[in-house]
Each structure stands twice: as C-alpha cells, then as structure tokens.
Amino acid sequence: MKPTSIIFLILSIILIACGFGLCFVANNVSRAQGIPIYAQTFDENNNSIERIDLNVMGITRISLTIKDADVFIINKAEESYIELVNFYKNTYDLKTNSKTIQLDDTINILSLLKFTENGFEFNGLRYYLIPDMYREKKKVVNIYIKEDEEIKIFDIDIKDGNLFMKDFVKRADYTVNVVKGDIYFDTIRTSSMFNLTLNEGKLTFQNCLINVINADINAGYCYFNTLSIDFVDYNLTTPLGRIYYAGEDKGGTFNQFMPMASTKLNVNVNDGDIYIEKIVRPAPPG
C-alpha cells in the first residue's frame, strides 16, 4: 500500500473515532438537558416508541414483513397512525403513500445506507449507539386505522411474533403467514377470502363472519368461536389431534354442508386440536 493511502486510511479511522466520541457526548448531554436527538421517545420502562402519523386518505393495502415482533392492528381509531416500539432507525423499511402501508423488518448490511426514489438517505450514526439493553426488548408494531379507511388487502408475514386484529368489517382479502406465534382475530367481517398458514402456535377466531377461511396449521390449536356454529360449512381435519364441536368429540375429521352457510371453514391441523364453540351472550341486566 502506498504511503499516501496509509495516511488517508489512518485519518479516516481517526475521523470515525471522533464521530463516535461526539455522538456519545451529544447523547449524554441531550439526556441531561432533556433535549431529544432521536425520533423515538422512551417510556417509563425504557421502551423506545416512534409514532408515524398516516396523514393520507384512501389506504387500501397493509403489507407487513416482520422478523421478530408482535403486531396489533386496530380499526375504529380516531386517527390513523403507526407506533413502532423498540424499533430503531436504519433497521426497517417503512413506506406509506395514499394507497399502501408497507413495513419490512428485514435487517441487512445495506440498512446503514439507503437509496430512495428521492436520492441518498442516511438517518445518522447516533442510531447505532443506542445501548444493547434496549435492543433486547420485545419489538411491537401497533397500527391504528380510522374506521372510514377502505382496506382491501392485508398481506402479513411474521417469522416470530404474535398477531392481533380487531374490528375490521369491510370487504378485504387476507393473506397471513406466521412461522411461530399466536394469531387472534376479533370481530372480523369480510365477504372475501381468508388464507392463513401457521407453522407453530394457536389460531383463534372470535365472533368473526368471514366468507371463506382456509387455514393450515402444522403444530398448534385452532379455536373458532361464533354466535351461530350451525350455519357454517365445515371441512376440518387433524391427523394427530381431535375435533371438538360444541364439546362433542368428532374424531379426526368433521364435514358439514349447509346450503345457507355464512362461513365456509376449511382447517387442517397436522398436530393439534380444533375447537368449535358457540359464543354465549350474557343475559341482560335485571
């Protein structure tokens, strides 16, 4: 290596070291004076929280590719926004426009430097100086959607984490893939398709009215709770488990055809049980 190159290499290392030192000093000063230098805020448990307001109308698609986080998607909110808990800049890709919310929790060596449609983007070296104690905390994605948003497509892929969705009553197609985690759907209404695969975990449908449900579970359980279990088409199989219909043991296979069925439920659990239960509404007071 030429002497000039060696000199420039040494100078580069010195400048990088100085940059790290300045970031540490700025971080300590900002904490002492209460001046925020991060996009995130921190709660009383040292969880970092970043809020992204969705100041757009007409959102029709939510696409999530999550490596390790719990996901909560709630409808009927007063405003649409996303909360990223214990996420850090340069470790995810979030895109929002007038039609799509797209979050990709994929970390790679190029995450430090990003090239967008508008050019080069770098969020700052300071985001790589956050203590490791924060990085070990559980990550959570909270998505709040206004009721008047017409979501037509949910495309959700989670490697390790739980999924909770509540109060979506619009026509929409659902494609959900979870490798390891529990899935809970509460009061979902759609006259379209619901396709789901779960490698390991528990799947629950609570008070849902869905035209067609196709669910494939490798190891786990499926709970289907609804107000009327009779008006449902069932195509249920579990080679290594049991099917319980209103408490009655139906063995490993159960089929039922109803001409006026509101839901067609196709579920296969390779290793685990399937429970079909009727929701009992509480008696009115008095």
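## Surroundings of Phe-154

In this predicted model, Phe-154 touches Ile-62, Ile-73, Met-165, Phe-168, Ala-172, Asp-173, Tyr-174 and Thr-175, leaving aside residues up to four places away in sequence; a contact means heavy atoms within 4.5 Å. Phe-154 is also among the residues with the most contacts inside the largest nonpolar core, together with Ile-73, Leu-163, Met-165, Phe-185 and Leu-203. That core has 56 residues, and strand β14 (residues 183-206) gives the most to it, with eight residues.

A nonpolar core is a set of buried Ala, Val, Leu, Ile, Met, Phe, Trp, Tyr and Cys residues joined through side-chain atoms within 4.5 Å. Buried means under 20% relative accessible area, exposed means over 50%, and partly exposed lies in between (1.4 Å probe, protein chains only). Strands (E, at least two residues) and helices (H or I, at least four residues) are DSSP runs numbered from the N terminus.

## Basis of the model and confidence

Residues are numbered from 1 along each chain as its sequence is written. Local features need a pLDDT of at least 70, and side-chain atom pairs count only at pLDDT 80 or more, whereas totals for chains, interfaces and linings use all residues; side-chain values use heavy atoms, with hydrogens and water left out.

The pLDDT is the predictor's confidence in each residue, from 0 to 100. The chain averages a pLDDT of 80, and 70% of the residues score at least 70. Over residues 115-122 the pLDDT is below 50, and this stretch has nine contacts in the model beyond near neighbours in sequence. Where pLDDT is low, the predicted coordinates should not be read in detail.

## Overall organisation

The chain has two helices and 21 strands. Of its 286 residues, 40% are buried. Among contacts between residues at least 6 apart in sequence, 55% join residues at least 24 apart.

## Aromatic rings and charges

The whole structure holds 17 aromatic pairs. Rings of Phe, Tyr and Trp (its six-membered ring) pair if their centres lie within 6.5 Å; planes under 30 degrees apart count as stacked, over 60 as edge-to-face and the rest as tilted. Phe-87 and Tyr-92 form an edge-to-face pair, with 5.8 Å centre to centre and 85° between the planes. Phe-87 counts as buried because its relative accessibility is 1%, and Tyr-92 is likewise buried at 7%. One aromatic cluster is formed by Phe-154, Phe-168, Tyr-174, Phe-185, Phe-194, Phe-205 and Phe-224.

Charged side chains also meet rings. A charge sits over a ring if NZ of Lys or CZ of Arg is within 6 Å of the ring centre and within 35 degrees of the ring normal. The charged end of Lys-139 sits over the ring of Phe-87, 4.7 Å from its centre, and that of Arg-51 over the ring of Tyr-81, 3.8 Å from its centre.

## Contacts across the sequence

Leu-103 belongs to strand β7 (residues 100-104) and is buried, with a relative accessible area of 3%. Not counting residues up to four places away in sequence, Leu-103 touches Ser-63, Leu-64, Thr-65, Ile-66, Leu-84, Tyr-92, Asp-93, Leu-94 and Val-141. Leu-103 and Tyr-92 are 11 residues apart in sequence, and their C-alpha atoms are 7.2 Å apart in space.

Ile-74 lies in strand β4 (residues 70-77). The C-alpha atoms of Ile-74 and Ile-145 are separated by 6.2 Å, although these residues are 71 apart along the chain. With the same exclusion of residues up to four places away, the contacts of Ile-74 are Ile-143, Tyr-144, Ile-145, Phe-164, Lys-166 and Phe-168.

## Backbone and loops

Thr-187, in strand β14, has phi near 55°, a positive value in a residue other than glycine. Thr-187 counts as buried at 17% relative accessibility. Asn-207, in the loop between β14 and β15 (209-226), also has a positive phi, near 55°.

Gly-251 lies in the loop between β18 (248-249) and β19 (253-256) and is buried, with a relative accessible area of 13%. Beyond residues up to four places away in sequence, Gly-251 touches Thr-238, Gly-241, Arg-242 and Ile-243.

## Cysteines

The structure holds zero disulfides, a disulfide being a pair of cysteine sulfur atoms within 2.5 Å. Cys-208 is buried, with a relative accessible area of 4%, and Cys-222 counts as buried at 0% relative accessibility.
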